[in-house]
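Hi there,

Here is the structure I promised to pass on to you.

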Amino acid sequence: MVFLTVSTITFVAVFNLLVDKVTQNQLEPLIKQISIQSKNISIDDITEQTEALSWLDAVPYIKQAVVFGKNAETLFYYKKPNQEVTHKYANQWRQTFTKTNHYSDSEVLHTLQPIGGAHENVESIYLEVDKRLLQKPFHPIWLGGYAGLVIFF
């Protein structure tokens, strides 16, 4: 019984570390692309701002993305259709981040990435991610690993 308990705890801990690492690896290219695009967008052009991140429609697990300026103002944002989130909510999260730039609750992963250097106007990029959709490919691995532990026991 002790062996099964220790094995289960170890399996869960290692699995969660791997999922977190893969999650970061999936979000980094998106943040980089948003950063590159935000450099080329005119802050004064409303049409360009609303269409700037429309390509995120193709990324199913992104609920919203917000680009913040140097003075903590919202430069432009993206919100998935039919989502009940607003960019004002993102600004509240922005104020709660400290040394870590990821916060996760049961259903949503919040990530805030500071942008340095070449961007005159952009300070940071915030992403709100649906964890259920992002981690969906890992569910069969999770079930298989746990079933293997039970069978081994």
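This is a predicted model: local features need pLDDT of at least 70, side-chain atom pairs count only at pLDDT 80 or more; totals for chains, interfaces and linings use all residues.

**What I found**

Let me start with Ser124, which is buried at a relative accessible area of 3%; buried means under 20% relative accessible area, exposed over 50%, and partly exposed in between, with a 1.4 Å probe and protein chains only. Ser124 sits in strand 5 (residues 122–130).

Residues are numbered from 1 along each chain as its sequence is written, and side-chain values use heavy atoms, with hydrogens and water left out.

**The chain as a whole**

The protein chain has five helices and five strands, where helices (H or I, at least four residues) and strands (E, at least two) are DSSP runs numbered from the N terminus. Along the sequence they follow the pattern α-α-β-β-α-β-β-β-α-α. The chain has 153 residues, and 37% of them count as buried. Of the contacts with a separation of 6 or more, 54% are between residues 24 or more positions apart; contact means heavy atoms within 4.5 Å.

**Helix 1 and helix 5**

Helix 1 (residues 2–39) packs with helix 5 (residues 139–152) at an angle of about 165 degrees, and their axes are 10 Å apart. That makes helix 1 roughly antiparallel to helix 5. For the conventions, axes are lines fitted to C-alpha atoms, for helices over the stretch in contact, and angles run from 0 to 180 degrees between N-to-C directions. Angles under 35 degrees count as roughly parallel, over 145 as roughly antiparallel, 65 to 115 as roughly perpendicular, and the rest as oblique.

The crossing of helix 1 and helix 5 is right-handed, a label used if the near helix is turned clockwise from the far one by less than a right angle, with left-handed for anticlockwise.

Which residues in helix 1 and helix 5 meet? From helix 1 they are Phe3, Leu4, Ser7, Thr8, Phe11, Val12 and Phe15, and from helix 5 they are Ile141, Trp142, Gly145, Tyr146, Leu149 and Phe152. The residues of this contact divide into 10 nonpolar, three polar and no charged. Here Ala, Val, Leu, Ile, Met, Phe, Trp, Tyr, Cys and Pro count as nonpolar, Asp, Glu, Lys and Arg as charged, and the others, Gly among them, as polar.

**The aromatic rings**

The structure holds two aromatic pairs. Phe11 and Phe15 form a stacked one, with 6.0 Å centre to centre and 25 degrees between the planes. Rings of Phe, Tyr and Trp (its six-membered ring) pair if their centres lie within 6.5 Å, and planes under 30 degrees apart count as stacked, over 60 as edge-to-face, and the rest as tilted. Because Phe11 and Phe15 are four residues apart in helix 1, they are separated by about one helical turn. Both Phe11 and Phe15 are buried.

Phe15 also pairs with Phe138, edge-to-face, at 6.4 Å centre to centre and 85 degrees between the planes. This pair links distant parts of the chain, since Phe15 is in helix 1 and Phe138 is in the loop between helix 4 (131–134) and helix 5, 123 residues apart. Phe15 has a relative accessible area of 13%, and Phe138, at 16%, counts as buried. Ring pairs link Phe11, Phe15 and Phe138 into a cluster.

**Two loop residues**

Gln135 is in the loop between helix 4 and helix 5 and is partly exposed, at 22% relative accessible area. Leaving aside neighbours within four places in sequence, Gln135 is in contact with Val19 and Thr23.

Asp57 lies in the loop between helix 2 (46–51) and strand 1 (62–69) and is partly exposed, at 45% relative accessibility. Not counting residues up to four places away in sequence, Asp57 touches Tyr78, Lys80 and Pro81.

Best wishes
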